[in-house]
Amino acid sequence: MRWLLRGSALLGAICVLWSVVAALTVLDSSLTVAVAVAGPLPSWLVGVFAWRLAPQHPVARQALATGVLFAMLAAVAFLAAAEGNAFDFVQLPRMWRVLIGGIAAVLIVAVVRLVGLLPDGRYRFVYEKAVLRSLWLVVPFALVLTYAGGPLPVSPIPVGLWLLVLGPILLAARYFQLPRAQRRLLRWLLGMAVLVGATVLVPLVTASRLGPGQLTPILVLVATMAVPVALAVAAFRYRMLGVEVRRSTRYRLLWLLIALWYIGVVAGLSLAASRFLSLWPALLVTVAATLAVLPIRTRLSRAAARRVFGRRPSSYELLVHFGGTLEQAFDLPALADQLAGGLREVLDLSWARVRLRSPKPVVAIAGEPSATARLEVVLRHSGDDLGVLECGAKTEGEFTAADEELVATLARQSALAVRNARLSAELLARLEQIERQASELEASRARIVHAQNSERRRIQRRLHDGIQQELIVLLTSLRLARNQLRRDPGQVDPALGEAQEALCRVVEEVREAAHHIHPAELTDQGLATAVESRARRMPVPVEVDADPEVRTTRFPVDLEEAAYFIVSEALANMLKHAQATQATIRLSLQAGELCLEIRDNGRGFPPDSRPAGLHDRADTVGGRLTIVSGPDSGTTVRARLPVRESAPVPGWIP
């Protein structure tokens, strides 16, 4: 079936070509040229286009058959007229008359069937099948009539064209019998029925009222063009064939029609000049006509391009527009989308792709990319490759030097924009980090203030509940000793002994409280000694490993305090939560930083928990603290505190 359709399309092309050649060379009537060009050519073109667009659609196949039949009818008619050098069909031999009459009758039935069964090309109602099948009786009737010497269905007044009115009538009847919802969607069918019916009836009514004349053949030509024009509009605008027609295809078809119009106008003017002028003046007129009509053809082509593709910016407009958007291009995905769309639109590319290298790669695609790109340009700025522009094949033609220069210019501008966008993104990330650090610092300060207030309350409670009570006991013991001294001086020693013990407890309480506020060892002997003193007071074994450099160096007061209390709080957390049986403390200096490591063998804690106090103490001196812990795997606290100024421990001898 496919080869049969291809052969039919080829046969139609040969018939159209023969009709045009015969009209230009054998017959000298301007009407014959119009019949050869405006008659079968539009029907054949629309039929071939519909078949190529939707090969399996019934309407497409019927349109192809109609166009081929019209071309065959014109070719046979011109061939018969060329033998007799006239369109006097009455004087033609019987063979030509029967052949022309049969083809004309089949063509009329095909046109009625094509129009009446729109938009799907299939029977929907019983009366359609009855009418269209009975219409085939016209073919044997035309054969018998022409064989007997009767009038042809197409000459001189196309009496057979009255049957074409059945097509719009059947189409209108089909429309009004459709459900209301379908009628709303297929309202264009009614317009097509009115259009085809009007273009068919006008020449028939004119011929019947005024008789044959010069106007009637022109109206007949208009009627023959009505069906292919209506089919083309239905296929393009209303997607009658169920296929979306690409814009490039629509433009090519319009370009072909404009080119045929251009050739027809130039050929017509040339033939008219050859009748009245000699050879050389006729050639000059032909050249002048070609040059005069060429600007009109160019404007029509541009208008068709604007109609199909819309207004396209020029290369300069693209550079100006894109350069203006670069000033505010801070979003890499939006920038890539604009660049890909602009490239494809201006250069008429099948596809364009933009790849931008960044921490999160950006890819923007306009169109449907194929396997390979026809043109690639790297986005480079200050020696850094920032991305690449990939251009697919052009819809028409190849890349020119101007196209390559345009892409290179856009690449240079885009590289600067991408660089600015990346700097803006880095700056934004840095600002977000600063805001986050500021928020953390504010929260840390709030926690420090809260910790200080809590420490003051703890000291107040210790002074009130501990030292104050011991002092009251001491005061009571002294009063008892004084009273005992008055009554019995020999029995005052036990009372003084109790007072002495109470005083010793007060001194120990004061020393312990002072140690919690600020250890004396830390002030007098340095960090390593204070940490060792704290380790000795622990109820579990704690090993301290301090480098000699740490032992011999006095660090700034705030640094020593932060390091000491990080160790103290880590040990306190170990006793309170870890249930460890041993711990190790490591003190060292590395790359200008005081490094602390507190490791225990306790049960650890969940990874999502974060002891805020430890981090706050490290943050106060600009340090970093990490905690590695897990259930039943122990805990390791590591802190790195920057050392600003330090001095040796006075009188320390290694």
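Mentor: Start with the contacts. In the protein chain, 68% of the contacts with a separation of 6 or more are between residues 24 or more positions apart. Keep in mind that this is a predicted model.

Trainee: How many helices and strands are there in the protein chain?
Mentor: The chain has 22 helices and 11 strands.

Trainee: And what share of the residues count as buried?
Mentor: 41% of the 654 residues.

Trainee: Let's look at a helix pair. How do the axes of helix 5 and helix 8 cross?
Mentor: Helix 5 covers residues 94-116 and helix 8 covers residues 166-177. Their axes come within 7 Å and cross at roughly 20 degrees. Angles under 35 degrees count as roughly parallel, so helix 5 and helix 8 are roughly parallel to each other.

Trainee: Is the crossing right-handed or left-handed?
Mentor: Right-handed, as helix 5 passes helix 8.

Trainee: Which residues make the contact?
Mentor: Helix 5 brings Val 112, Val 115 and Gly 116. From helix 8 come Leu 166, Gly 167, Pro 168, Leu 170, Leu 171 and Arg 174. By type, the residues of this contact of helix 5 with helix 8 split into 6 nonpolar, 2 polar and 1 charged.

Trainee: New topic. Where does Thr 553 lie?
Mentor: In strand 6, residues 553-554.

Trainee: Why is Thr 553 called buried?
Mentor: Because its relative accessible area is 12%, and buried means under 20%.

Trainee: What lies 2.7 Å from a polar atom of its side chain?
Mentor: The backbone oxygen of Glu 549 lies at that distance from the Thr 553 side-chain atom.

Terms used
Residues numbered from 1 in each chain as written. Predicted model: local features only at pLDDT ≥ 70, side-chain atom pairs only at ≥ 80, totals over all residues. Heavy atoms only, no water. Axes fitted to C-alpha atoms, helices over the stretch in contact; angles between N-to-C directions. Helix = DSSP H or I, 4+ residues; strand = E, 2+ residues; numbered from the N terminus. Parallel < 35°, antiparallel > 145°, perpendicular 65-115°, else oblique. Left-handed = near helix turned anticlockwise from the far one by under 90°. Contact = heavy atoms within 4.5 Å. Nonpolar A, V, L, I, M, F, W, Y, C, P; charged D, E, K, R; others polar. Buried < 20%, exposed > 50% of the residue type's maximum accessible area, 1.4 Å probe, protein only. Polar contact = N/O pair within 3.5 Å; in protein donor to acceptor, adjacent residues only side chain to side chain.
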